[in-house]
Amino acid sequence: MSKTYPPPTAVIDPDPSRSWLRRAWPLVKAHRLMFGTALVSSAIGLLVAVQVPKLIQDALDNSIVTNRVPLSEYLWWLVGLTAVMLIAGFLARQLLFRTAYKIEYDLRNIMYEHLTGLSFPFYDRVQTGQLISRANSDIRSVQMYLAFAPFMLVQCAISLVSFGYMLAISVPLAIVAMLPMPLVFLTSRRMQRSMFPVSWLIQARLADVATVVDENVNGARVVKSFAAERRQLSLLQKAAIKVRWAYIKDADLRARWTPAVQNLPRVGMAIVLVFGGYLAIQGVLGVGAILAFNSYLLMLQVPFQMLGMLIMMGQRASASAKRLYEVLDEKPEIVDAPSAVELTDARGDVEFRDVRFGYGDGPDVLNGLSLRLGSGETVALVGRTGSGKSTVARLLPRFYDVRAGSVTVDGHDVREVTLHSLRDTVGIVLDEPFLFSASVRDNIAYGRPDADITDIERVARLAGAHEFIMGLSEGYDTVIGERGYTLSGGQRQRLAIARTLLVNPPVLVLDDATSAIDVQVEQEIHAGLRTLFAGRTTLIIAHRLSTISLADRVVLLDGGEIVADGTHAELLENTPLYAEVLAQANESVEELGGVAR
Ligand SMILES: Nc1ncnc2c1ncn2[C@@H]1O[C@H](COP(=O)(O)OP(=O)(O)OP(=O)(O)O)[C@@H](O)[C@H]1O
């Protein structure tokens with residue numbers, strides 16, 4: 001049994017008219033206790049830190065210069081304050097990072113849960129690979145802003161206290177010392193501004209490299225068969241050079257700006273030294289005050305540098321959030337109707353009535369198609385390539401909705417039953433089955449993870465897979481490579497058939513599902529296939545005669561309609577198009593009659 005993990009603790013506000021921050025607010029609110037404690041700890045730590053320069057000032061003035069108070073008293077205070085800062089700093093960081101990663105966990109879950117809920121038309125429209133890799137960096141940038149921006153704001157707020165202390169020491173000195181601060185802010189903002197596009201560029205170019213690498217690995221077979229390794233390598237080099245350029249540009253900008261941003265506050269310190277020194281000589285200020293002043297100035301520098309960063313982070317997070325919301329606001333097109341009923345114990349009476357259908361805004365692929373499959377009947381659907389056979393198959397489990405007409409199972413329109421029960425009732429095996437990088441056993445048990453090995457073996461035998469599975473190094477426990485590439489096409493198809501059979505659906509659709517199984521093996525598993533088809537309604541999409549011969553009835557699809565319906569022999573005799581279609585897929589027309597007899 002697979003372990004269940006906690007669901008996300010919050011949702012994104014669904015109202016698209018609200019600002020991105022408002023919509024994301026529930027994510028922060030869900031962790032308010034932890035986050036609040038982090039912020040309060042941070043504030044306490046900073047407030048205590050602000051006391052330290054003042055303490056040093058007093059120690060210097062009262063113990064070292066004038067010897068009025070024993071120095072040890074200040075030392076104890078310093079030890080105490082340091083302890084508080086340590087504890088507060090620990091709590092603030094711990095809780096802040098925890099909150100940040102919890103927000104990220106929630107956001108990731110919300111995002112992928114939504115993606116899995118979206119229907120086929122969405123996946124037809126978007127490039128999912130890119131969408132997912134982009135979502136990862138977008139999630140990170142939103143998380144960073146949500147968690148760290150309030151933290152930075154606390155720092156900025158506390159810096160006002162530092163400034164208050166500076167004013168208390170000397171108003172003119174405080175004002176003069178602050179003069180370079182706008183410059184610190186402007187320089188760090190300019191630094192962020194020039195570095196911001198480069199950091200985006202780095203991300204985008206890294207994604208390009210990842211795409212090239214991904215294609216090289218996944219398409220390794222094609223690359224090698226065309227001996228195109230050199231070409232692929234130069235593609236990678238081109239992408240890698242672009243990444244290198246962006247990184248060097250980044251380092252260049254950093255080298256240019258960082259020393260300026262870091263050293264600018266020293267101008268303020270110099271002013272304090274000159275003007276403060278003058279005031280000290282005049283007897284207006286103590287030496288300790290000058291020292292304290294400089295410490296406050298250093299403390300103030302951080303928020304001024306941060307403000308620039310905060311603005312940039314905000315811009316980036318806002319752009320990221322908008323992209324995430326674009327996906328989150330996408331409504332699944334195929335959903336349960338409010339009045340949907342459960343389809344249970346279906347007999348498997350299937351009917352397509354005057355079905356009109358096309359993809360997206362495209363032209364009609366099916367044009368008034370009507371077809372009935374009686375309970376327990378096996379029907380082969382034959383047609384030219386591109387005639388819409390797979391499309392018919394996809395409408396039955398409601399991967400798409402019809403434009404007009406209806407598809408019914410046991411008299412229930414598929415739009416009026418729950419998707420879950422419909423897809424339990426209609427099992428579909430595709431011609432290019434996707435297998436997971438897991439054991440053979442887990443792959444077969446995908447639709448029924450609690451199935452025991454006896455059941456798994458039984459369906460594997462029926463699908464003609466048991467023999468070859470036993471020949472694998474670890475039998476049913478053999479982990480098959482990515483997407484099942486360690487198996488042959490025919491072996492993959494047999495596993496896919498077994499996987500669907502384990503669910504035991506009353507209606508079965510095989511969409512070219514035996515095309516890669518060689519004819520001889522197919523003959524061998526025919527007995528198994530016949531057992532499979534018995535007692536369930538089966539729609540087989542096939543080009544191969546041997547597969548068609550398993551059907552009770554054959555229907556011919558052309559121009560989006562059924563143009564002939566009957567036994568193989570009848571169609572062969574009366575419908576020239578049928579013979580033509582079969583001839584394209586089979587060795588010779590002469591054989592056709594042989595199979596029919
Ligand atoms: N997801 C899709 N989005 C848009 N158009 C599609 C999609 N799938 C198929 N089509 C189009 O619909 C038409 C019918 O395709 P379909 O795959 O149903 O044909 P088919 O008879 O199964 O073909 P084949 O025998 O080659 O598998 C084709 O013109 C195809 O280009």
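Biologist: What makes strand 4 and strand 5 (residues 412–413) a pair in this predicted model?

Modeller: Strand 4 and strand 5 share two bridges, in the antiparallel sense. Pairing needs at least two bridges, so the two strands count as paired.

Biologist: What lies between strand 4 and strand 5 in the hairpin?

Modeller: Two residues separate them. Aspartate 410 sits in the turn, with a positive phi of about 50 degrees.

Biologist: How do you know that strand 1 (residues 350–357) pairs with strand 4 (residues 404–409)?

Modeller: Five bridges join them, and the strands run antiparallel. The cut-off is at least two bridges, so strand 1 and strand 4 are a pair. Within this pairing, arginine 353 has serine 406 of strand 4 as its bridge partner.

Biologist: Why is the protein chain called more spread out than a compact globule?

Modeller: Start with the elements: the chain has 21 helices and 10 strands. Its radius of gyration is 35 Å, while the globule rule gives 25 Å for 597 residues. The value is well over the rule, so the chain is more spread out than a compact globule. Along the principal axes, the C-alpha atoms fill a box of roughly 120 × 55 × 50 Å.

Biologist: What share of the residues counts as buried, and what makes a residue buried?

Modeller: The share is 32% of the 597 residues. A buried residue has 20 or more other C-beta atoms within 10 Å of its own.

Biologist: Among contacts between residues at least 6 apart in sequence, what percentage joins residues at least 24 apart?

Modeller: In the protein chain that percentage is 77%.

Methods: Residues numbered from 1 in each chain as written. Predicted model: local features only at pLDDT ≥ 70, side-chain atom pairs only at ≥ 80, totals over all residues. Helix = DSSP H or I, 4+ residues; strand = E, 2+ residues; numbered from the N terminus. Rg over C-alpha atoms; globule rule 2.2 N^0.38 Å. Buried ≥ 20, exposed ≤ 12 C-beta atoms within 10 Å, placed from the backbone. Contact = placed C-beta atoms within 7 Å.
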